[in-house]
Amino acid sequence: MLTNQNGNNTYSFNIDKFYRNYLKGPNLFRKREALEPSFIPDELPHRNSEIEKIAGITACALKGDVPPNFLCYGMTGTGKTATVRYVSQKLAQHCTNNPPWWIYINCTVVSTPYRILAHIYNTIVGREKIPATGLPKDVILKKLLGLLDQKVKNSVCFLVLDEIDILIEKKGGNEILYTLTRLNESLDLCRTSVIGISNKLKFMEYLDSRVTSNLDEEEPIVFHPYNANELADILKLRAKIAFHEGIIEEGVIKLCAGLAAREHGDARKALQLLRKAGEIAERNQNKKIFEKHVENAQKDIDKDHIVEYMLSMPLQAQLTLTAIFLLSKYTREHIITSGDIYDVHSELTNKVPGVKQLTHRRISDYINELALSGLITANTRSMGHYGRTKIINLDIESELVERVLSQIKKIQDYKLLNYKPILLQTDKVKVKNIVFKKLI
Ligand SMILES: Nc1ncnc2c1ncn2[C@@H]1O[C@H](COP(=O)(O)OP(=O)(O)OP(=O)(O)O)[C@@H](O)[C@H]1O
Ligand SMILES: [Mg+2]
């Protein structure tokens, strides 16, 4: 049998035993996917007025008329995508003949003008007929117009552009939006209607005025953040589908709702907390979900955010953090000053080709940013005769920092995490940026 026992027996995790126990353990979930973001429930509490507005605008499609283009706005997790999908399903149920088509385009995934046109075409034909690259755009557009008239005929085709703001940042974004919102002028039978969804409230400011006038034929539908009570109602309904009866202890739903309400009323976050809490309880062989599981779930999520944040920082900020990590790794009692960080950062940049050494000022900016993001604390302290300096402490576990930094290619390739700063090398000394070997 394979086990991962280590030699000195300080800690050994027996994976076989873990899986055997897990399988024998309590089964809390009845339908885990009900807590996934893609799940559309039969009911969407607290979205009545938004459902009513979208149903009102799109209803004329039932009689073969063309609904106006419109936009949905709101912070992340306020149910925009779920509501539009919900209404599309309901509309389809009420269509006896000539049901409308719904083409759903997630602009974070399908984001270039070419790929959007190809995606619409391929979705209608039901297979990858247009290759991912290669054809001229006007050729695809012509083909698409022909297909819409031939396949959708005199029905309506809704084009849902989710995360539409991503398009504006891309080359040709305004142009493709203009094309999509004016397709009807080039169609004989079929009629199209664009629904844009965005969580960037200001994105309209970046739109070309010709596109704006095509998109705001209707007042935008604004999705307000949920409050804690509303989130609790959403969670209760989802929990009923997702978990077996009676396994959620009192207070769990309220805690998840409260924590998510603090983060701008994000239902996705609330559901994620509940799902993670359930998974933690299950892994620990508990038969019920308690508040402590939610607290641990929150810690896990915070950790995930920190990891994501560190990985997305610019390389110079990552190197500044590496300098702090190295200084605290080798001398736990040593006070770390911004001057030390500057020195170690410069040594690190010398090891990585193509990376510039920064000024004291820039390093100080990066230190402030790292402090703002909660990765470190930086307190200014008077050093008497030497003036003022910043005293820096790493604020998260150094094992986590090391694990994340070791995933960054340049840090890994140049083995920066094994580097010992000159300041801490007992046999060397640095004077005016020149390194000398100590004689004694
Ligand atoms: N009123 C509601 N009732 C039930 N579930 C909801 C409700 N609102 C949102 N949800 C659920 O919360 C999650 C996030 O919702 P959704 O994906 O619609 O958010 P969004 O506003 O589109 O966010 P983003 O801007 O980040 O895309 C989904 O799992 C969705 O089913
Ligand atoms: Mg969405």
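User: Which residue in β4 is the bridge partner of C157?
Analyst: In β4, T192 is the bridge partner of C157. This is a predicted model, in which local features need pLDDT of at least 70, side-chain atom pairs count only at pLDDT 80 or more, and totals for chains, interfaces and linings use all residues. Residues are numbered from 1 along each chain as its sequence is written, while chains are lettered from A and ligands numbered from 1 in the order in which they are written.

User: How many bridges does β3 form with β2 (residues 101-106), and in which sense?
Analyst: β2 and β3 pair in the parallel sense over six bridges. On this side, C157 of β3 stands opposite W101.

User: How do you know that β3 is mostly covered?
Analyst: A residue is buried if 20 or more other C-beta atoms, placed from the backbone, lie within 10 Å of its own, exposed if 12 or fewer, and partly exposed in between. Seven of the seven residues of β3 are buried. V156, F158, V160 and D162 are buried on one side of the strand, and C157, L159 and L161 on the other, so both faces are covered.

User: Why are β2 and β5 said to stand at the edges of the sheet?
Analyst: The sheet is open, with five strands in the order β2-β3-β4-β1-β5 and parallel pairing. β2 and β5 each have a single partner strand, so one side of each is left without a neighbour in the sheet. Neighbouring strands here are turned by 15° against each other on average, direction ignored; the axes behind such angles are lines fitted to C-alpha atoms, for helices over the stretch in contact, and angles run from 0 to 180 degrees between N-to-C directions.

User: What joins β1 (residues 70-74) to β5?
Analyst: Three bridges join β1 to β5, and the two run parallel. In this pair, C72 stands opposite I221.

User: Why is I221 called buried?
Analyst: I221 has 22 other C-beta atoms within 10 Å, and the cut-off is 20 or more, so I221 is buried. I221 lies in β5 (residues 221-223).

User: Which residues are in contact with I221?
Analyst: Contact means that two C-beta atoms, placed from the backbone, lie within 7 Å. Leaving aside neighbours within four places in sequence, I221 is in contact with E50, K53, I54, F70 and C72. The C-alpha atoms of I221 and G74 are 8.5 Å apart, although 147 residues separate the two along the chain.

User: Is H46 buried, exposed or partly exposed, and why?
Analyst: H46 has 17 other C-beta atoms within 10 Å, which falls between 12 and 20, so H46 is partly exposed. H46 sits in the loop between α1 (15-24) and α2 (48-58). The phi of H46 is positive, about 65°, although H46 is not a glycine.

User: What makes K153 exposed?
Analyst: K153 has 11 other C-beta atoms within 10 Å, and 12 or fewer means exposed, so K153 is exposed. K153 also has a positive phi, about 50°, without being a glycine. Its place is the loop between α5 (137-152) and β3 (156-162).

User: Why does N418 count as exposed?
Analyst: N418 has 7 C-beta neighbours inside 10 Å, and the limit is 12 or fewer, so N418 counts as exposed. N418 belongs to the loop between α17 (409-413) and β9 (428-431).

User: Which residues come nearest to ligand 1?
Analyst: A residue is near a molecule if its C-beta atom, placed from the backbone, lies within 6 Å of it. Of the 20 residues around ligand 1, T76, G79, T81, A82 and A267 come nearest. α3 (80-93) and α11 (267-283) each supply at least two residues of this shell.

User: From which domains does the shell around ligand 1 draw at least three residues each?
Analyst: The shell draws at least three residues from each of domain 1 (48-223) and domain 2 (227-310). Those bounds come from an automatic or database domain assignment.

How values were computed. Helices (H or I, at least four residues) and strands (E, at least two) are DSSP runs, numbered from the N terminus. Two strands pair if DSSP finds at least two bridges between them.
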